Amino acid sequence: KSIASIKKELQKREKDAGSKRNEIQDIRDSIEKLKKKRDEVSSKRVERFKERAEKKKEQKEWEDAYIRSENDLKHSMDRSMYAALSEVKRFAQEKKLKGYY
């Protein structure tokens with residue numbers, strides 16, 4: 001082969017290598033963007049998990065307070081009176097009454 005053809009071949013390969021480098025850099029940039037997006041979504045998921053845990057804890061606290069109140073009411077009145085109120089409550093729930101006094 002002649003020196004001129006070798007130079008042409010070398011220039012062609014250098015040009016191809018340059019375009020391949022650009023492609024590789026573009027792929028790296030895309031990967032970085034996707035990693036950032038993945039991290040953002042992951043952190044949002046963690047935040048939502050924490051919020052859900054806090055809501056469940058708060059709900060449990062309210063349920064416990066309600067049970068304590070029911071028990072306080074039960075112990076503050078006569079057994080027959082509490083049984084009558086419980087029966088009224090059961091009846092109202094059974095008949096799907098929205099308000100009862």
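Is E9 buried, partly exposed or exposed, going by its relative accessibility? At 34% relative accessibility, E9 is partly exposed (buried is under 20% relative accessible area, exposed is over 50%, and partly exposed lies in between, with a 1.4 Å probe and protein chains only). The model is a predicted one, in which local features need pLDDT of at least 70 and side-chain atom pairs count only at pLDDT 80 or more, while totals for chains, interfaces and linings use all residues. Residues are numbered from 1 along each chain as its sequence is written, and side-chain values use heavy atoms, with hydrogens and water left out.

Consider the chain as a whole. It has 2 helices and 0 strands (helices, H or I with at least four residues, and strands, E with at least two, are DSSP runs numbered from the N terminus). The radius of gyration is 37 Å, well over the 13 Å that the globule rule gives for 101 residues, so the chain is more spread out than a compact globule. Here the radius is taken over C-alpha atoms, and the globule rule is 2.2 Å times the number of residues to the power 0.38. Along the principal axes, the C-alpha atoms fill a box of roughly 115 × 25 × 15 Å. Of the 101 residues, 2% are buried. The chain exposes about 10,300 Å², and carbon and sulfur atoms supply 55% of that area; accessible areas come from the Shrake-Rupley method with a 1.4 Å probe, and for residues only the protein chains shown count as cover.

Next come the charges. Side chains of opposite charge can pair when their charged atoms come close. The structure has 6 salt bridges, where a salt bridge is a side-chain nitrogen of Lys or Arg within 4 Å of a carboxyl oxygen of Asp or Glu. One of them joins R13 to E9, with the closest N and O atoms 3.1 Å apart. These two residues are 4 residues apart in helix α1 (residues 3-76), which puts about one helical turn between R13 and E9. R13 is exposed, at a relative accessible area of 57%.

Helix α2 (residues 79-94) holds R90 and E87, 3 residues apart and separated by about one helical turn. The closest N and O atoms of the salt bridge between R90 and E87 are 2.3 Å apart. R90 also forms a salt bridge with E94, at 2.6 Å between the closest N and O atoms. R90 and E94 are 4 residues apart in helix α2, about one turn of the helix. R90 is partly exposed at 38% relative accessibility, and E87 is partly exposed at 41%.

E47, E51, E54, E58 and E61 form a negative surface patch; a patch is made of residues with over 30% relative accessible area and no salt bridge, with like charges joined within 9 Å and nonpolar side chains (Val, Leu, Ile, Met, Phe, Trp, Tyr) within 5 Å. E61 lies in helix α1 and is partly exposed at 46% relative accessibility.

Most residues other than glycine have a negative phi. The phi of K96, however, is positive, near 60°. K96 is exposed, with a relative accessible area of 71%.

Terms used
Lys and Arg count as positive and Asp and Glu as negative; His and the chain ends are not counted. The place of a charge is taken as NZ of Lys, CZ of Arg, CG of Asp or CD of Glu.
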